[in-house]
Each structure stands twice: as structure tokens, then as C-alpha cells.
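The stops below follow the chain through neighbouring strands.

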Amino acid sequence: MGAIDWSKSPKPSNTTVSFSFEWAMKNLSSGIHPTLPTKQTLKHQGDRLEIPSAAARCEWHFSLSTVVSSSANAAVSDALGSIEFDPSNTVVATGGIARKIRIYSLNSLLPEDNIQLLTRGEQNDTAFLDHVNACSFYICTPAKLSSLRWRPGSRGRLLGSGDYDGVVMEYDLERKLPVFERDEHGGRRVWSVDYSHWDPFVGASGSDDGTMQMWDPRCGGEGGECVAKVQPAAARSSVCCVEFSPFGDSLIALGCADRMAYAYDVRKMVEPLHVLEGHMKTVTYVRFVDAQTMVSAGTDGCLKLWNMSDCGLIRTCKGHVNSRSFVGLSVWRHGGLLGCGSENNQVFVYDKRWDEPICARGLEPMARPGFDHAFVSSVCWRQVQEDHCTLLAGGSDGVLQVFVGTKIS
């Protein structure tokens, strides 16, 4: 999504709330690069003490299956700020600086032959594709995109977006046209959008204007009524991420430039239910791991796991590099794995049980002028309950990579 520089953001003070009670790659490295643990488990073997690293305890092996890139002669920036699987986990949407929403079938990104080889533990040949040929279709957008999110209950037909002009839009993918538009953030960049899972008509957006707004298109005029508006910090620090709990409850979480993560009960948004303090710099992402656990990411280079029942910090995960950019964060809930990007152009995978990465994949940028300092800018897990997993990673150079993880027997 681009670089940010909020390292000197002020600490939060009073929360301001408004609530409507009327509504309720050229040469890609193929090796896995484990890092040394920061905390270690000791195990006796005879008279020796063995100290296994997280990589040694790792139950997964990751392989690069597919690389999708644009023409090497392309001069326009194509940084990928958002990757999202649809509810069926068979369709992928990407968006970013190129002002395009690209739609891919998973079958085009992950050939069946490669899946069979990888699930059998055999070596596969990485497939190299072009965006033009790999994507099913694309939709041009009026502005650069920072966030995408499928609307639950729409059977993969409706896709919401937030853009650099401060506008939230919703696209009908069958008609390939926008069907909803909301411009209520005063032209300030919208960093994140999400939809409620208990009422999928309700959406939320976080913006540089320092607010999180919830809206319902069934109420009010063309842009829907703003049913709740929260300003977590009196200094109007940017709201960088919003996420509704996917576990059927009424929580919504925010990540802010004031170094805090917040959780609100949408039924009573007068004040936050939880305030999670611990990051030293901007909180760029928040994700629900399970019904009791949340993970936050910050530009202090840390992931932090939180117990939502008592706001206690479970652990801090370190290993990736993140000091000023949005690098993505995704949770594979079935496998308990966390994925994030890094400013050294690597994809990192953490197991929620440990505080060091279980693997890091080094990725060389494609040979394109102006992309000497590429970084991983977005990631997304496929949410399936299987013994193999799929992780997509997008780069600031516009390259989309598909990794498959297989369970080590």
C-alpha cells in the first residue's frame, strides 16, 4: 500500500465517538531460510542439551508454485496493496497502485499438476505467468487502491474497496460495475475496509482522517447512513486497519498510528472495550486469530498476540523487517499460522505457538527499472481445513507469488 512515516505519532488521549442509535521475479530463491530463535526449548539427550529452533520444530514445508508478473518493460508502478480470497476460496482479487482490480481463478494460479506433486512431497517446477494471461478479468478503478474485502453473503459477487482518494466503493463482479460509493472521509486516504459477519450489509472503513466509520447502505441516501463514527485518539491519528470479528460476536478491532490497537463492541461504541498497548510505532494491521486471540502488526517490526479476555500480551514475534511500510498480515486459522511480508523482500511465516519465524522465503525482484528496493507489500492465506495450505504474496514490484505448504509426516 505504500510507505508511511508515523514513527513520532503522539500517544492517545480521549476517544471521540459518534453513534446512531437508530441503527443497531527474475531469479527467485527456492530455499527456506530459518532464523535463530529468540526463546528456546531445552531438551535432554544423553548428557547433551539440544536447543531446537522454531524451524526444527516446524511441521510444514513450503514450496514456490507460481510467479505472476507484468511485462519487464512495464513502466507504471503496479505495487499490490491487497490480496483477498473470496468466501469459496476459489477466486482471488488483487488491487493496488495500478488502479485495477484483477480477478483470478485459483486454478489458473495453482495448476492441478503442481498441487498433486506438492501434496505428495515431490519437487515441482515453478510456473511463471503473466498477469494479462493469468487473470480472468480486471476492472479499472478511479483511484489507487489500498484495501479490498469481499462482502459476506454475496456468493462472491460483491467486492468492497478503499482508495487513496478517501472513497469506499463496492463492485458487482458479474456486471463489472460499481454499485455503491461512499465519500465521507473528507478526501483523506482510506487504509482499510471490512464487512460485518453477523450483518453483512454493514461495513466499516478506517482513514487518515483519524476516524473509523460504520455504514449501512440500507439506511439513508445513496452512500448509506453512517451508523457509528469513532475517533480513537484526540490527536486524530490515522486509523490504519479495521476488522470485524469473524466468530459471530459483535467485536470490531482497529489498528492506529497512535501505537495502539483497540477493540469495540459495536452495540456500545461510547468507549473501547479493550485498549492494547505495547507497540513502539504505528499499528498497521489487526487480525482475529480465534475467538479469544488477536494479532497486531506494527512498524516496530513486531507481531503481538493478545488474549482478548484480559488484554494480556501472549507473545511478541520478531524476525521480519518493517519500519515504515505496509507489508501485509494474514492468519490461517485452521493451521494456526501467521504470514507477513518484510521490507527485505521476504515472506515470513510464524506459528502462533512460538515467537520466532518458522521460515522466511527470500524473493528476488523482477528485473524492472525503478524496482531495486522491492518489498513484500501484501499477503493472504487460503482459509481451508486441509493438511496443505496456500499463501499468496504480492510485492511492491507488482509480482504475485503463490506458495504451497505441506504437512511434514
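A residue counts as buried when its relative accessible area is under 20%. The model is predicted, and this tour applies that cut-off to it.

Start by selecting Val283, which lies in strand E22 (residues 283-290). Its relative accessible area is 0%, so Val283 falls under the 20% limit and is buried. Now show what surrounds Val283. Leaving aside neighbours within four places in sequence, its contacts include Cys240, Gly255, Cys256, Arg259, Met260 and Ala261. Ser296, Ala297 and Gly298 are also in contact with Val283. For a distance check, pick the C-alpha atoms of Val283 and Cys240: they are 7.2 Å apart, although 43 residues separate the two along the chain.

To see one pairing, select Tyr285 together with Ala297, its bridge partner in E23.

Now select E23 itself, residues 293-298. Which way do its residues point? Thr293, Val295 and Ala297 point one way, while Met294, Ser296 and Gly298 point the other way. In a regular strand, side chains alternate between the two faces of the sheet. Residues pointing either way from E23 are buried, and the count for the strand is 6 of 6.

Finish with strand E24 (residues 302-307), which pairs with E23 in the antiparallel sense over 5 bridges. Select Val295 and Leu305, its bridge partner in E24. The hairpin of E23 and E24 has 3 residues between the strands, and Gly301 there takes a positive phi near 75°.

Key:
Residues numbered from 1 in each chain as written. Predicted model: local features only at pLDDT ≥ 70, side-chain atom pairs only at ≥ 80, totals over all residues. Heavy atoms only, no water. Helix = DSSP H or I, 4+ residues; strand = E, 2+ residues; numbered from the N terminus. Buried < 20%, exposed > 50% of the residue type's maximum accessible area, 1.4 Å probe, protein only. Contact = heavy atoms within 4.5 Å. Pairing = 2+ DSSP bridges.
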